[in-house]
Amino acid sequence: MSAPRRYSEREIAAIFEKAARAQEQAQPLIEFQEGLTLGELQEIGREAGIAPDFIARAAASLTHTVSSAPPRRLAGMPIGVERTVELPGPLSAEAWDRLVVDLRETFQATGYMREEGSIRSWRNGNLQAHVEPTATGYRLRLATTKGNAQQTLALSAFFLAIGAVFLSLLAVQADPEAGMVAIMSLFAAAGVGGIGVTALSLPRWASERGRQMDGVVERVLDREGTRHPRGTSDVTAEATSESTLLDLSMIGEVGAETSSVPAKRVRA
């Protein structure tokens, strides 16, 4: 009796490819005019070896769309970031605590918590998170602003203006004092440099904050979507952007986003 034939790796791949194609052609086309329910999807997934929880999580994630609104700007530069997401229901005490832990780990900030009725808040300087009721349910709102952006730009513009004005006056003098010219040149250079650094740093800072907030929102939706598979979430992102290219731009966030305030819970 001859031994059964053994197929090579290439032959195995070709066999399965042809078999799959033949089966696909043999099966009648099914049109789901009214779609499938979550239970039906979970049953199909169960037959394919996929756990129902993962099907529910994937289905819930389809409804969590994120869109960006025009950012709030200062002199054409983004100065804040905000994310808002509709929740399938109120957060439990455990879910809220997990969110606060996530916020502290993500932004490296302790902050403090506050409760006012059904509203829960976490704040660390300008960086804040709120879970609040709406007409249709609840929402999570994350927001922050670049606290020192306006002051930095104003101060830089002041230095630039002072330097430019005095340099103009010195330019018409027959024998301007060299020391005064050097000082005014430094003033003007400081103003230009401050504006330039801010202009370069703000977009990166805004992008980083937006990425961090998106991560927090995604993890909340992942947890809540698993518990509430029927929940639908429309996420609106308002990039009131901020940003940072150099560490200098983060100076304004000390006391705005990275203040080390002891954690406490205040009940109104």
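Biologist: Which side chain meets that of Arg211 in a salt bridge?

Modeller: Side chains of opposite charge can pair when their charged atoms come close. The term salt bridge covers a side-chain nitrogen of Lys or Arg within 4 Å of a carboxyl oxygen of Asp or Glu. Here the partner of Arg211 is Glu208, at 2.6 Å from N to O. This is a predicted model, in which local features need pLDDT of at least 70 and side-chain atom pairs count only at pLDDT 80 or more, while totals for chains, interfaces and linings use all residues. Residues are numbered from 1 along each chain as its sequence is written, and side-chain values use heavy atoms, without hydrogens and water.

Biologist: How many residues apart are Arg211 and Glu208 in helix 6?

Modeller: Helices are DSSP runs of H or I with at least four residues, strands are E runs of at least two, and both are numbered from the N terminus. Arg211 and Glu208 are 3 residues apart in helix 6, so about one helical turn separates them. Arg46 and Glu43 in helix 2 (residues 38-47) are also 3 residues apart, and their closest N and O atoms are 2.7 Å apart in a salt bridge.

Biologist: Is Arg211 buried or exposed?

Modeller: Buried is under 20% relative accessible area, exposed is over 50%, and partly exposed lies in between (1.4 Å probe, protein chains only). Arg211 is exposed at 51%, whereas Glu208 is partly exposed at 30%. The whole structure has 9 salt bridges.

Biologist: Which residue does the side chain of Gln212 make a polar contact with?

Modeller: A polar contact pairs N or O atoms within 3.5 Å; within protein, one must be able to donate a hydrogen and the other to accept it, and residues adjacent in sequence count only if both atoms are side-chain atoms. The partner of Gln212 is the side chain of Arg209, at 2.7 Å. Gln212 belongs to helix 6 and is buried at 11%.

Biologist: Which residues have the most contacts inside the largest nonpolar core?

Modeller: In soluble globular proteins, nonpolar side chains tend to be buried together. A nonpolar core is a set of buried Ala, Val, Leu, Ile, Met, Phe, Trp, Tyr and Cys residues joined through side-chain atoms within 4.5 Å. The largest one has 24 residues, and those with the most contacts inside it are Trp96, Leu99, Leu103, Trp122, Leu140 and Leu142. Helix 4 (93-107) and helix 6 (178-227) are among the elements that each supply at least two of its residues.
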